[in-house]
Amino acid sequence: MAEDSDLERTEEATPQRIQKAREDGQIARSQELTTFTLLLTAAAGLVFMGNNLMEKLLNIMREGIQMERDLAFHTDLMLNRFYQLAVESLWTLAPLLVLLIIAAFFAPMLLSGWLFSSKALMPDFKRINPISGFGRIFSAHGLTELFKAIAKTLVVGSVATLVIWGNKEAVLALIAIPVNSGITRTGELLVLSFLLITGAMILIVAIDVPFQLWSHAKKLRMTKEEIRRESKESEGDPLVKGRIRSLQREAARRRMMSEVPEADVIVTNPTHYAVALQYKDSMRAPKVVAKGVHLLAARIRELGEEHHVPILEAPPLARALYHHADLDAEIPEKLYTAVAEVLAYVFHLKRHQDYGGDVPDPLGEIAVPQELEIPSSDN
């Protein structure tokens with residue numbers, strides 16, 4: 001079952017899956033990169049601070065070897081002297097130790113950045129399960145780690161052998177030089193050897209880092225079903241989303257219909273289109289308060305008749321308004337003249353109905369700019 005499950009995990013991890021893994025403390029880490037960084041930091045510290053450290057440690061060693069008569073007969077003085085030398089040695093090595101502590105803190109961040117996860121600190125009894133432990137030992141990961149250990153031993157051991165063999169004459173020559181010069185020369189040889197052996201680990205790091213990134217990405221791979229499930233959880237069930245959109249459209253439609261009684265005129269096709277317009281003195285231009293086609297257009301006309309809103313047949317203008325004017329927005333500037341003719345006729349007609357007077361002449365065909373015309377076959 002596990003193999004089948006692994007074979008099914010063919011999809012790259014989604015950003016949500018990667019983020020969740022980080023929260024659980026699962027990130028790509030290269031122990032070889034951390035080790036190499038620490039060793040390289042130590043080597044650099046020895047190069048820049050080695051002479052000073054060696055000189056101070058030699059002085060401490062001389063003071064420790066010197067024997068005074070009081071120290072020989074009073075052990076409490078001897079212990080106190082030992083304590084002083086130990087503290088002095090610690091302070092001497094403190095800069096190098098601080099440098100290593102800083103490197104140990106930041107080295108793991110080189111691959112995947114800073115991460116603190118409380119979940120990773122929680123006890124996991126599966127880790128102490130002996131059966132699971134044997135499984136990890138004989139798993140592909142365990143064999144890979146074994147191969148890495150063997151390769152590291154071979155590479156570092158080979159380089160160490162070559163370094164020692166190449167400096168054998170220099171090591172043998174130490175016998176013939178004074179002690180002080182010999183100690184200094186020994187320190188130089190040790191630092192040089194340490195640098196060369198540490199440099200050999202670059203090959204191991206260059207192989208391990210891409211492998212750890214690939215291995216981590218492989219562990220986070222997902223099945224198609226997991227991706228679909230995650231999509232549902234993050235974006236919502238398509239059925240639910242469809243229902244929500246439907247309810248939103250219905251609410252918007254009811255809100256739009258509630259504006260129809262407040263309209264000043266309804267421009268129709270006469271059957272396919274209906275656009276309700278409103279204009280008040282506070283407005284910069286007339287705006288569309290409702291629009292629709294077919295059944296919705298019929299409902300807009302019915303509401304207009306119920307509330308005595310003037311209905312005007314102007315097919316080209318109705319089509320242009322429906323296609324080029326947004327709901328609850330001002331009409332396009334190019335339609336100002338056409339709509340102004342309609343509103344002037346409607347206001348004149350209303351004044352006649354309310355106060356009497358001359359009957360407005362029938363409104364002729366409303367001209368619409370050619371670039372805004374919609375063919376009458378567009379239903």
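In the predicted model, glutamine 278 stands opposite lysine 287 of strand E3, within an antiparallel pairing of strand E2 (residues 273–278) and E3 that runs over six bridges; two strands are taken to pair if DSSP finds at least two bridges between them. Strand E3, which spans residues 287–293, is mostly covered, five of its seven residues being buried, where buried denotes under 20% relative accessible area, exposed over 50%, and partly exposed the range in between, with a 1.4 Å probe and protein chains only. Residues are numbered from 1 along each chain as its sequence is written. Because the model is predicted, local features are reported only at pLDDT of at least 70 and side-chain atom pairs only at pLDDT 80 or more, whereas totals for chains, interfaces and linings use all residues, and side-chain values rest on heavy atoms, with hydrogens and water left out.

The protein as a whole has 16 helices and four strands, assigned as DSSP runs (H or I of at least four residues for helices, E of at least two for strands) and numbered from the N terminus. Of its 379 residues, 29% count as buried. Among contacts with a separation of 6 or more, 72% are accounted for by residues 24 or more positions apart, a contact being heavy atoms within 4.5 Å.

Serine 30, in the loop between helix H2 (15–23) and helix H3 (31–65), is buried at a relative accessible area of 5%, and touches Leu111, Asp208, Val209 and Gln212 when residues up to four places away in sequence are not counted. Isoleucine 102, by contrast, belongs to helix H5 (residues 75–106) and is partly exposed at 43% relative accessibility. Together with Val98, Phe105 and Phe106, Ile102 makes a nonpolar surface patch of about 380 Å²; patches consist of residues with over 30% relative accessible area and no salt bridge, like charges being joined within 9 Å and nonpolar side chains (Val, Leu, Ile, Met, Phe, Trp, Tyr) within 5 Å.

Six salt bridges are present in the structure, each defined by a side-chain nitrogen of Lys or Arg within 4 Å of a carboxyl oxygen of Asp or Glu. Glutamate 250 and arginine 253 meet in one of these at 3.9 Å, N to O; both lie in helix H13 (residues 238–257), three residues apart, about one turn of the helix. Glu250, Arg253 and Arg254 are linked in a network of salt bridges. A further bridge joins arginine 299 to glutamate 306 at 4.0 Å, N to O. In the bridge between glutamate 371 and lysine 334, the closest N and O atoms are 3.2 Å apart; because glutamate 371 lies in the segment after helix H16 (336–355) and lysine 334 in the loop between helix H15 (315–324) and H16, the pair ties together parts that are 37 residues apart in sequence. Both glutamate 371 and lysine 334 are exposed.

Notes: Areas by Shrake-Rupley, 256 points an atom, 1.4 Å probe, with all protein chains shown as cover.
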